[in-house]
Amino acid sequence: MTRTLELLGVFFSLVACLCSLVTLMIPQWLTLSTELLPTESFQLGLWEACVVQDLGMTECLPYNTLLGLPSDIRLARILMCTAVATGLIGLLLAIPGINLVNSCRRTESFKAKRTLKMLGGIFSIVAGVLGLVPVSYVAHLTVLRFFDESVPSVVPRWEFGDALFLGWTAGFLHLVAGFLMVTSCLFMQDERCSLHQSVALYRAQMTRTERSPRARTEYV
């Protein structure tokens, strides 16, 4: 039970980190298409704006300034970078804490592994929240601007891009991964090496080593 939960948690955390990184990098946060230019569409991301033509050609222009960006783009960029970093830290902390890393554990090792896995789950949950906030905020502003009655209907409106749906998926997977890791810590049992068995085994090995030369002498 414990190994299944922690392995699923690590797997979901890895997939969530990859999805968060892709969400951060791709420019398909918002898309725009107009009837005046049916052969072209526009894409808006956190780092650049792109023009996509029907022939498959894409031309992107990175942002030249940070202070001149809209507040939602600046906030999304900061939170998504923080979410990616937090998710990676959580994954790196959780991997040494799973049961498959070491076969024999003492009491100190058990507590350390449990602490690492618990921290990995907490960091994963925090990464999920940090990833869901900017995606949901940008989506909320997009909906408000799309149904803004003060803007004429002939003016094109921005719509959801693929990055928003990928960001929601990454945030949800981070939350699931963190929940699985924390839950696996609750079912984790203290499997420690028995000191008496280790001493008895050591004495038996020493006895065999001492007897082996005598046995050879008596045989000769």
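Modeller: Contact means heavy atoms within 4.5 Å. Among contacts in the chain between residues at least 6 apart in sequence, 68% join residues at least 24 apart. This is a predicted model, in which local features need pLDDT of at least 70 and side-chain atom pairs count only at pLDDT 80 or more, while totals for chains, interfaces and linings use all residues. Residues are numbered from 1 along each chain as its sequence is written, and side-chain values use heavy atoms, with hydrogens and water left out.

Colleague: Why is D72 called buried?

Modeller: Buried means under 20% relative accessible area, exposed over 50%, and partly exposed in between (1.4 Å probe, protein chains only). D72 has 4% relative accessibility, so D72 counts as buried. Of the 220 residues of the chain, 33% count as buried.

Colleague: Which residues is D72 in contact with, leaving aside its neighbours within four places in sequence?

Modeller: D72, which lies in helix α2, is then in contact with Y137, V138, L141 and R145.

Colleague: What makes the pair of R145 and D72 a salt bridge?

Modeller: A salt bridge is a side-chain nitrogen of Lys or Arg within 4 Å of a carboxyl oxygen of Asp or Glu. The side chains of R145 and D72 meet at 3.6 Å, N to O, and the pair is a salt bridge. R145 lies in helix α3 and D72 in helix α2 (residues 71–94), so the pair ties together parts that are 73 residues apart in sequence. In general, side chains of opposite charge can pair when their charged atoms come close.

Colleague: How many salt bridges does this rule give?

Modeller: The count comes to two salt bridges. In one of them, the side chains of E6 and K117 meet at 2.6 Å, N to O. Because E6 lies in helix α1 (residues 2–25) and K117 in helix α3 (residues 107–146), this pair ties together parts that are 111 residues apart in sequence. Both E6 and K117 are buried.

Colleague: How do you know that a disulfide joins C50 to C60?

Modeller: A disulfide is a pair of cysteine sulfur atoms within 2.5 Å. The sulfur atoms of C50 and C60 are 2.0 Å apart, and a disulfide joins the two residues. The count by this rule comes to one disulfide. With 105 degrees about the S-S bond, the link of C50 and C60 is right-handed.

Colleague: Which parts does the pair of C50 and C60 tie together?

Modeller: C50 lies in strand β3 (residues 48–53) and C60 in strand β4 (residues 58–62), so the pair ties together parts that are ten residues apart in sequence. At 2% relative accessibility, C50 counts as buried, whereas C60, with a relative accessible area of 33%, is partly exposed.

Colleague: Where is the nearest cysteine sulfur to C19, which is in no disulfide?

Modeller: The nearest cysteine sulfur to C19 is that of C17, 9.4 Å away, and C19 is in no disulfide. C19 has a relative accessible area of 14%, so C19 is buried. C185 is buried as well, with a relative accessible area of 0%.

Colleague: Why is the pair of F160 and F165 called edge-to-face?

Modeller: Rings of Phe, Tyr and Trp (its six-membered ring) pair if their centres lie within 6.5 Å; planes under 30 degrees apart count as stacked, over 60 as edge-to-face and the rest as tilted. By this rule the count comes to five aromatic pairs. The rings of F160 and F165 have centres 6.3 Å apart and planes at 70 degrees, so the pair is edge-to-face. For F160 and W168 the centres are 6.1 Å apart and the planes at 75 degrees, so this pair is edge-to-face. Ring pairs link F160, F165 and W168 into a cluster.

Colleague: Why does F165 count as partly exposed?

Modeller: F165 has 45% relative accessibility and therefore counts as partly exposed. F160, at 30%, is partly exposed, and W168, at 26%, is partly exposed.

Terms used
Helix = DSSP H or I, 4+ residues; strand = E, 2+ residues; numbered from the N terminus.
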